[in-house]
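I opened my notebook to follow the charged side chains through this one. Here is what I looked up, in the order I went.

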Amino acid sequence: QVQLVESGGGLVQAGGSLRLSCRVSGRTFDIYAMGWFRQAPGKEREFVAGISWLSGTTQYDDSVKGRFTISRDNGKNILTLHMNSLKVEDTAVYYCAARRSNIIVTTTQYDYWGQGTQVTVST
């Protein structure tokens, strides 16, 4: 099993920044790709960014390109999402996810999920 624990969410004004972290533990050798998703009230969970755990290849949703950066520290087993120029529409619960495939997908076809961390962007 793999355990994912997110942290770093909170309340920030529009235009501000936040850094989310996801600590990975357990059978980490099972993981080949990871991603960040978000879910706003009344909406479906959506892909934000993904990264290959081994190569570092990244992929972003168009809505966050140029503002968010996903990265990983293989040695410390930590996945990070740096969020800049935050907008009110970025408000959501953010989830860390991992899958046993090296292919980054934008659907929710991931094998492991964290419990989520709330990000609220105010005007």
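**Entry 1: the network.** I started with the salt-bridge network, which links R38, E46, R67 and D90. The model is a predicted one, and I found five salt bridges in the structure.

**Entry 2: D90 and R38.** I checked this pair next: D90 and R38 form a salt bridge whose closest N and O atoms are 2.9 Å apart. The two residues come from distant parts of the chain, with D90 in the loop between β8 (78–83) and β9, R38 in strand β4, and 52 residues separating them.

**Entry 3: R67.** I then moved to the loop between β6 (58–60) and β7 (68–73), where R67 lies. R67 is buried too, at a relative accessible area of 11%. What does its side chain reach? I noted a polar contact of 2.7 Å between the side chains of R67 and D90. A polar atom of the R67 side chain also lies 2.9 Å from the backbone oxygen of S63. Setting aside neighbours within four places in sequence, I listed the contacts of R67 as H82, M83, N84, S85, L86, K87 and D90.

Entry 4: I looked at β4 (residues 33–39) and found six of its seven residues buried. Which strands pair with β4? β5 (residues 46–52) pairs with β4 in the antiparallel sense over six bridges, and β9 (residues 92–99) pairs with β4, also antiparallel, over seven bridges. On the β9 side, I found Y94 as the bridge partner of R38. On the β5 side, S52 stands opposite A33. β4 and β5 make a hairpin with six residues between them, and I marked G42 in the turn for its positive phi of about 80°.

**Entry 5: other salt bridges.** I also looked up K65 and D62, whose side chains meet in a salt bridge at 3.1 Å, N to O. D62 is exposed, with a relative accessible area of 61%. Another pair is D111 with R100, where the closest N and O atoms are 3.6 Å apart. Both residues sit in the loop between β9 and β10 (112–113), 11 residues apart. D111 is partly exposed at 38% relative accessible area, and R100 is partly exposed at 46%.

Key:
Residues are numbered from 1 along each chain as its sequence is written. This is a predicted model: local features need pLDDT of at least 70, side-chain atom pairs count only at pLDDT 80 or more; totals for chains, interfaces and linings use all residues. Side-chain values use heavy atoms; hydrogens and water are left out. Buried means under 20% relative accessible area, exposed over 50%, partly exposed in between (1.4 Å probe, protein chains only). Helices (H or I, at least four residues) and strands (E, at least two) are DSSP runs, numbered from the N terminus. Two strands pair if DSSP finds at least two bridges between them. A polar contact is a pair of N or O atoms within 3.5 Å; within protein, one must be able to donate a hydrogen and the other to accept it, and residues adjacent in sequence count only if both atoms are side-chain atoms. Contact means heavy atoms within 4.5 Å. A salt bridge is a side-chain nitrogen of Lys or Arg within 4 Å of a carboxyl oxygen of Asp or Glu.
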